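Reader: I am new to this structure. Please take me through one part of it closely.

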Amino acid sequence: MTLASIGATVSLLIYLSLPIHSNAILHQSPPSDDGSRRPMVFPLFLSQPNYSSSSRSVSIHHRKLHKSLPQSRMRLYDDLLLNGYYTTRLWIGTPPQMFALIVDSGSTVTYVPCSDCEQCGKHQDPKFQPEMSSTYQPVKCNMDCNCDDDKEQCVYEREYAEHSSSKGVLGEDLISFGNESQLTPQRAVFGCETVETGDLYSQRADGIIGLGQGDLSLVDQLVDKGLISNSFALCYGGMDIGGGSMVLGGFDYPSDMIFTDSDPDRSAYYNIDLTGIRVAGKQLSLSSGVFDGEHGAVLDSGTTYAYLPDAAFAAFEEAVMREASPLKQIDGPDPNFKDTCFHVAPSNDASGLSKIFPSVEMVFKSGQSWLLSPENYLFRHSKVHGAYCLGVFPNGKDHTTLLGGIVVRNTLVVYDRENSKVGFWRTNCSELSDRLPIDGAPPPGPRPPPPPAKLPSDDLNPSLNTSSNLPGEKIQIGQINLDIQLTVNSSYLKPRIEELFKVFSKDLDIKPTQVYLSNLTSNGTNSLIRVVVFPPESSSTFSNVTATSIVSRFSNHHIKIPDIFGDYQLVTYKLEPPREGTRWQMRNTIVVIAVVMVSVVVGLLAYGVWLMWKRKQGSNPYTPVDEATTIVAEQELQPL
């Protein structure tokens, strides 16, 4: 929702008049379905700290980096501009329940919808059920937290200026990080939502994983326990692919990574010492202090676009337009905004943008610069094929420079909190695992099933199940329907679907004839396919263990697909009972019917040929004997 400038000013005054706590959040609403965007807004209200120590100085004593500490490598899903965010997967509880959580470096609490939430939206996965987890414990009311009305349990609340909010109770449970993580499941405090409003209510993602600086941040909790070094990294996919990677903990950074200082005492947000911008190698005529207003230059993974102070934006826009002057300018996708857009070519291929648009460099105080490609400041026009618009906007009366996810696409960003630095390294984030080996990470190729102590076990129904089956319930399963999203478009996928299904059948160790394509649809730059898996010919049903193992292999990404298919995500699945007669009986019936139909057709053809022959015979001239004019007498044979 767009706020008037007066509202933004009041919001900022309220913000500045309150003490800064670690739970203040910079928030950017995702774009709406019609491609319109919303400006960055600050929180109207700052809730009281959940722990008294959360108002501590951010420059707390940090643990030193130890290479012996493990890391947690996690995949990222969705698309920044299509969905408005990137998500990762966490499993909470025993048995584990899976959730898709928005990656947000400006948030300091992780939260998911609770089973008793009557004001929560319909999200990607079922709500968290504390009663189903044998390891869940509520955080009891104490002097370091805000308590509920009964003074029994700690609560939290987050309110945002675009009128979305989240509140609920605090709980503690085991959190699992996926099969690529060296971390075993760890106990952590998180929010169990009882109320959602606004975008938090309507979004598809289940909740938020907080990576900010504060006691409730998941990173801080793992660091305080000495489980990881005080660092994490994000790598967002590019314009046409999406996906990416996240690493909790430190690792050996690339030698050519560009680092800049970050001042944790200035604010709870991750800032960088930006002093200038170059466009096509030419420095913009700006004072270095223009990027030092308010909170400075802030990196926020939960924001979609980039927002510059007015003077910096005007200079940047003019420089880009000057370099792209041969291109035709067109109106933006939303008439409510004066977007700067260019029609490039009938083709929608983004690979050649660097030959058309200028390079951009972010210059740091140290003199080093971070090179951006066009995909770091452009987004596709949602209504005109082959057109692109600036993804950088003026920040109005606010003097903060806010750099959202678009600026760091295909860039590995390291938040080295131990040394108060942020690093940038240009790379293909969809291939990060191959390009940047991390100690202990599995090598490329099929991944082995995870040990039960680290991941949801294969004898449990994964939590994304949309059927009514309860864990351990014995049912007859005749087929498995899997809805899978891939980060490639449908026109690219369609001619390669047979190759993909061969990969599925090989990794599942089943016959190719057991895997069928039921449906293929387009979802923006992604594809959504429905895969149907049948039991072998010798059986009419799957066992519960086998069916759950198949679903688990997809949900836990044990199926390794070639890079040409991008990343995949199991959206939902359904276990169906066997129909009357097995699939093989149905196939045999179909064969018999086909044989009968062929026999009937052949018979009809033969009958038609016979009729044609009869008609041909009837058309020959014929003269009756009694009408003959001459009768020849029979002659006897003369004896020899």
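Over residues 439-474, where does pLDDT stay, and how many contacts beyond four places in sequence does the model have there?

Author: This is a predicted model, where local features need pLDDT of at least 70, side-chain atom pairs count only at pLDDT 80 or more, and totals for chains, interfaces and linings use all residues. Residues are numbered from 1 along each chain as its sequence is written, and side-chain values use heavy atoms, with hydrogens and water left out.

pLDDT is the predictor's confidence in each residue, from 0 to 100. Over residues 439-474 it stays under 50. The model has 76 contacts (heavy atoms within 4.5 Å) beyond four places in sequence for that stretch. Residues 1-67 also stay under 50 in pLDDT, and there the model has 168 such contacts. For the chain, the mean pLDDT is 78. Of its residues, 76% reach 70 or more.

Elements come next. Helices (H or I, at least four residues) and strands (E, at least two) are DSSP runs, numbered from the N terminus. Helix H1, residues 5-17, has the lowest mean pLDDT among the elements, 38. Strand E4, residues 111-113, has the highest, 97.

Now a residue in a strand. Leu-517 lies in strand E30, residues 515-523. Leu-517 counts as partly exposed because its relative accessibility is 37%; that class lies between buried, under 20% relative accessible area, and exposed, over 50% (1.4 Å probe, protein chains only). Beyond its neighbours within four places in sequence, Leu-517 touches Ile-497, Phe-501, Ile-529 and Arg-530. Val-531 is 14 residues from Leu-517 along the chain, and their C-alpha atoms are separated by 5.0 Å.
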